[in-house]
Amino acid sequence: MAKLSTEAMKPSFWAWIHLNRIKIALILFLVVVPVTLALIIYTGTYANGRRVHFDAEVTQSTIFINDFVAPDDIDALELSIQWTELKHPTEDETGTLTGGYYRFNILYTPRTNYEIISVSATPVLKTPWTDQQVIGTRSTVTTTNRSFTLIYNEDLPLRPLWFVTVNEPNLYLKVEYTFITASNQVTKTVYVAFPLHNLNPDKVVS
């Protein structure tokens with residue numbers, strides 16, 4: 001009797017799938033499904049942590065912003081931002097964190113051929129990977145340094161998820177500016193992101 005070839009003795013791919021269907025289903029359940037769920041959770045949390053609003057309270061009309069530009073990417077002007085001071089919060093007698101703040105200097109430089117009438121900025125400190133944010137007071141920005149302070153009482157570093165560590169919040173600005181073009185006044189609004197994770201303040205207050 002002629003020997004059967006090795007290829008003829010091997011089960012087909014689909015036959016192998018059928019024979020090992022329980023093992024395959026178990027692997028899918030124990031590995032693929034958890035990994036997929038983890039990706040969904042991490043992606044969703046990251047995206048949600050990038051959504052910023054500039055309202056004192058969230059309402060149905062609140063607009064969430066997730067599209068930002070760098071301080072030097074504004075058409076009519078360039079913003080200069082300096083992180084000047086940081087104070088970490090401390091616990092009071094009730095265990096509540098209090099007394100923390102971030103302080104910045106800001107000024108603008110007009111672009112060539114732009115006549116700037118006014119510039120204002122509303123600051124927000126947003127904790128990445130979370131919904132936590134604090135909003136500051138809308139203030140005028142000039143061509144000389146102006147200081148603004150945001151109260152921030154988060155206990156950092158923060159670990160909102162496994163393998164995720166948040167060491168600093170991000171600074172976001174709603175910048176509203178008016179300039180003259182063709183004898184007309186034009187007002188624009190732009191949203192600026194200024195990440196702090198690779199920066200150090202000029203001063204840390206004990």
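View 1. Tyr 102 stands opposite Leu 150 in β8. Strand β4 (residues 101-110) pairs with β8 in the antiparallel sense, over six bridges. Two strands are taken to pair if DSSP finds at least two bridges between them. Strands are DSSP runs of E with at least two residues, and helices are runs of H or I with at least four, numbered from the N terminus. The model shown here and in the following views is predicted: local features need pLDDT of at least 70, side-chain atom pairs count only at pLDDT 80 or more, and totals for chains, interfaces and linings use all residues. Residues are numbered from 1 along each chain as its sequence is written, and side-chain values use heavy atoms, with hydrogens and water left out.

**View 2. The open sheet of four strands.** The sheet has the strand order β8-β4-β1-β13, with mixed pairing. Because β8 (146-151) and β13 (203-205) each have a single partner strand, they stand at the edges, and one side of each is left without a neighbour in the sheet. From one strand to the next, the twist averages 30°; axes are lines fitted to C-alpha atoms, for helices over the stretch in contact, and angles run from 0 to 180 degrees between N-to-C directions.

**View 3. The loop between β5 and β6.** Both Trp 129 and Thr 130 are found in the loop that runs between β5 (115-126) and β6 (133-135). Thr 130 counts as buried, at 12% relative accessibility, whereas Trp 129 is partly exposed, with a relative accessible area of 22%. Buried means under 20% relative accessible area, exposed over 50%, and partly exposed in between (1.4 Å probe, protein chains only). A polar atom of the Thr 130 side chain lies 2.9 Å from the backbone oxygen of Thr 127. Trp 129 is not a glycine, yet its phi is positive, at about 70°.

View 4. Ala 182 has a positive phi, near 50°, in a residue other than glycine. With 67% relative accessibility, Ala 182 counts as exposed.

View 5. Leu 156 and Pro 157 are joined by a cis peptide bond, with omega about 0°. Pro 157 has its place in the loop between β8 and β9 (158-161). Most residues other than glycine have a negative phi, and most peptide bonds are trans.

Methods
Polar contact = N/O pair within 3.5 Å; in protein donor to acceptor, adjacent residues only side chain to side chain.
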